[in-house]
Amino acid sequence: MERKEIVELVNREEESLKDIFKEIDENELYFSELVLNAFQKENVTEACFGTTTGYGYSDLGRDTLEKVYADIFHAEDAIVRNQFVSGSHALNVTLFALLRPNDLLLSISGLPYDTLHEVIGINDNPSSLKSWGIKYDQIELVDNDFDYDAIKEYLTNNKVKVIEIQRSKGYSTRDSISIDKVEKVCKLIKSIQPETIIMVDNCYCEFVERKNPIEAGADIFVGSLIKNLGGGIAPNGAYAVGRHDLIELVGERLTLPGEGREVGPTLGVNKELYQGLFLAPSVVASALKTAILTSKVLETLSFNVSPRYNDNRVDIVQNIIFNDEQKLIKYTQGIQTGSPVDSNALPIPWDMPGYKDQVIMAAGCFTQGSSIELSCDGPIRSPYIAYQQGAMTYSYGKLGLISALTRMLKDGE
Ligand SMILES: *Cc1c(COP(=O)(O)O)cnc(C)c1O
């Protein structure tokens, strides 16, 4: 297919998505109002964009931003820091903050995200939770839902300190987990062991469904600022939102016992963290529209996709199941070629640390590793699935899709 034909196809499919896009616009308005109300309630002023250095005592912008996050999610408290390197780091700090030797950590969404394997000790590391005598167990999902019977039996027979729920799918082939399912399982857990702490890995899910994990019954949730809530503007960082006593523990672990959240210089990032959060409802909406358009067009071209264009969405991730190594590679290269940064670089599969198979990654982003900007990656193994997410604006997302299709469908199609 020529580029001209592809553009016509994409425009035609886009026409059919008007009603779905309207729902996304309504959600964008809903989340924008939550954000705006929180900015006003906490009296965000120009002084909040100032900075601290050194210890970072009395950082008005930092402390106010944490109140804004807590308000938006109707939670008791929040910690939002550039001292968290990434979402993985925040998950690591949270787990170390909540667990003590001989405690038991249970994942009820199967194997956790790759970067947590060495944190937990699923893969050996001398600094893992396991090395501190913290035990770990997991219960697999069944048919893309929690195994409610197994969870009930497990909790009846074992005292569990922390339960981890990972909503987005990571590099697995399962579906991401809706907030309704999270709510149902939280009710079950609390009915058996009300003191068990429920921690949700909420990466990629923020501002997609209206209800958040705290409202669904979780105690704390964690996410990355180079994903949804950073709005593509935050240069790094992560957050945790939830119960006040748990957020305090996270602060004491991130810095040091006794200083906790009182310290942590913001080194000039405050304005970017506010602006990213302010734009996040719109950026997430753009990412969702791009994912839905991608899903619709690739389905029309006879590829398997997940989720489908009209499925209920839980996160911003779009899978395309290519069943063909070359198509995965060409599509991913086309996303890179269509990017604003490093568009002349051609990604090739490489041996990424921590992965068994080679991985190909397109990320022509302003911020290294940012996946709220249009990005696409996939392990080189059957059935050759692309994991695509992000787009700062819908127009750039659409142009990225056209670029990817043009490269993939160029020769021999
Ligand atoms: C991206 C992601 C993480 C880690 O976030 P980083 O900021 O990339 O470290 C953790 N869990 C899930 C489900 C993710 O998608």
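**Loops, domains and a ligand site**

Asparagine 144 sits in the loop that runs between strand E3 (135-138) and helix H6 (148-157); helices (H or I, at least four residues) and strands (E, at least two) are DSSP runs, numbered from the N terminus. Although asparagine 144 is not a glycine, its phi is positive, at about 60 degrees. The model is a predicted one, so to speak of local features takes pLDDT of at least 70, side-chain atom pairs count only at pLDDT 80 or more, and totals for chains, interfaces and linings use all residues. Residues are numbered from 1 along each chain as its sequence is written, and side-chain values use heavy atoms, with hydrogens and water left out.

On to the domains. The protein chain splits into domain 1 (3-30 + 278-412) and domain 2 (51-266), with bounds that come from an automatic or database domain assignment. Where the two meet, domain 1 puts in 34 residues and domain 2 puts in 28 residues, contact being heavy atoms within 4.5 Å. Their C-alpha centres are 27 Å apart.

About 2500 Å² is buried between domain 1 and domain 2, and carbon and sulfur atoms give 58% of that. Buried area here is the accessible area (1.4 Å probe) that two parts lose on being put together, summed over both. On the domain 1 side, the elements that give two or more residues are helix H2 (18-41), helix H9 (270-300), strand E10 (359-362), strand E11 (375-379) and strand E12 (385-389). H9 gives the most to this side, with 6 residues.

What polar links cross between the domains? There are 10 residue pairs in polar contact, both at pLDDT 80 or more. A polar contact is a pair of N or O atoms within 3.5 Å; within protein, one must be able to donate a hydrogen and the other to accept it, and residues adjacent in sequence count only if both atoms are side-chain atoms. Salt bridges across this interface come to 0, the rule being a side-chain nitrogen of Lys or Arg within 4 Å of a carboxyl oxygen of Asp or Glu.

By that rule the overall count is 22 salt bridges. One of them pairs the side chains of glutamate 8 and lysine 4 (3.3 Å, N to O). Both residues lie in helix H1 (residues 3-15), 4 residues apart, or about one turn of the helix.

Finally, the ligand. Around it are Ser86, Gly87, Ser88, Leu91, Tyr113, Gln166, Asp201, Cys203, Tyr204, Ser224 and Lys227, each with a heavy atom within 4 Å of it. A backbone N or O atom of glycine 87 is 2.8 Å from a ligand oxygen atom. In the side chain of lysine 227, an N or O atom lies 2.9 Å from an oxygen atom of the ligand.
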